[in-house]
Amino acid sequence: MAQTIARNFTIRNVLLAGILLMLAGDFMFALNDAMGKWLVASFSVGQVVLIRSIGAFFVLGPMIANQGAGKLFRMERPILQFLRVVATTLDTGLFYAAVVYLPLADVMSFYMAGPIYVAALSHLLLGEKVGWRRWLAILVGFCGVLIILKPSSAAFSLSSTYALIGSIAFGFAIILGRRLRGTSDTTLVTWQTIGTLIVGGVLTIGAWRTPTALDFGAMLLLGVVSCAAHLMITRALKLAPASTLAPLHYSLLLWAIVFGLVFFGDMPSPRILAGSAIVVLAGIFIFHRQKVVETVVPPENVPKGVN
């Protein structure tokens, strides 16, 4: 009896730790996004992405040393690794390009559709079975995206296009991450950081503006914050079920609204809020149905050797 109570207490504590880490990681990501919006108002997207990537190595450096640098080059499925780097680089670069002109919450609303894209792409690229209920939720979610996008000649903008393409790239990155479950987090994050470092360096050519010590430190901190947020969420997913944590990820939208209002004076329009609500509800339903139908995890889908 005492052992059962102790075991249940331990399980609850581990679950609570996962939930708290997920909430903290999402807060850090939202803080990263607000800092990025502040910085791209004064510096080019390429320069922010370049220095941000350098800052990430303050966190990645010890992890690479612990893993061994040689393991970075012993990776599974190099082509998929390359495609994932392309997707994550597009995701990062286009996000910062979008927030130059759009409110933070508007851009985040597009990215909240990531789970909807993942559900659709999982059927097309991974051969996963998607039932009619999830297909209906996917279609409803896309309607929410269209409400946010408002594709008319008067409202359609290049920044909205950046946000839309970036959010789709985000979905592709998640799908490719599923295919690369046997690769350590250190290797995945290092290569995606190298990708953004290279692209940021290229985009900075001819667009470099010498930052003050404060600005340079803020851009380095941007990399530290984003890398720490990624690690928090990765650890959270190892402590608690994804179906429990996934709805918490939508707290990003709440923080985006709060930070946008406090720091930039931006308040989402009723159209954005309505579209976001549809996207969030559709995403939560998709996660719920996935939990219902995936009662058994096939052995080939179980991650192996992930740090």
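Trainee: Which residues of α4 are the buried ones?
Mentor: They are L104, A105, D106, V107, M108, S109, F110 and Y111. This is a predicted model: local features need pLDDT of at least 70, side-chain atom pairs count only at pLDDT 80 or more, and totals for chains, interfaces and linings use all residues. Residues are numbered from 1 along each chain as its sequence is written, and side-chain values use heavy atoms, with hydrogens and water left out.

Trainee: What makes helix α4 largely enclosed by the rest of the structure?
Mentor: Count the residues. In α4 (residues 104-111), 8 of the 8 are buried, so the rest of the structure largely encloses this helix. Buried means under 20% relative accessible area, exposed means over 50%, and partly exposed is in between (1.4 Å probe, protein chains only). Helices are DSSP runs of H or I with at least four residues, and strands are runs of E with at least two, numbered from the N terminus.

Trainee: Why is S167 called buried?
Mentor: Its relative accessible area is 0%, so S167 is buried. S167 lies in helix α7 (residues 158-179).

Trainee: Which residues does S167 touch?
Mentor: Leaving out residues up to four places away in sequence, S167 touches F110, Y111 and Y117. Contact means heavy atoms within 4.5 Å.

Trainee: Why is G61 called partly exposed?
Mentor: Its relative accessible area is 28%, so G61 counts as partly exposed. G61 sits in helix α2 (residues 45-67).

Trainee: Where does α2 bend?
Mentor: At V59, by about 45 degrees. The bend is the angle between axes fitted to the seven residues ending at a residue and the seven starting there. A proline, P62, follows within four residues.

Trainee: How do you know that the reach of α2 is close to the expected one?
Mentor: α2 has 23 residues and reaches 31 Å from its first C-alpha to its last, close to the expected 33 Å. The expected span is 1.5 Å times one less than the number of residues.

Trainee: Why does V258 count as partly exposed?
Mentor: The relative accessibility of V258 is 33%, so V258 is partly exposed. V258 is in helix α11.

Trainee: Which helix gives the most to the nonpolar patch?
Mentor: Helix α11 (residues 251-264), with 5 residues.

Trainee: How many helices and strands are in the protein chain?
Mentor: The protein chain has 12 helices and 0 strands.
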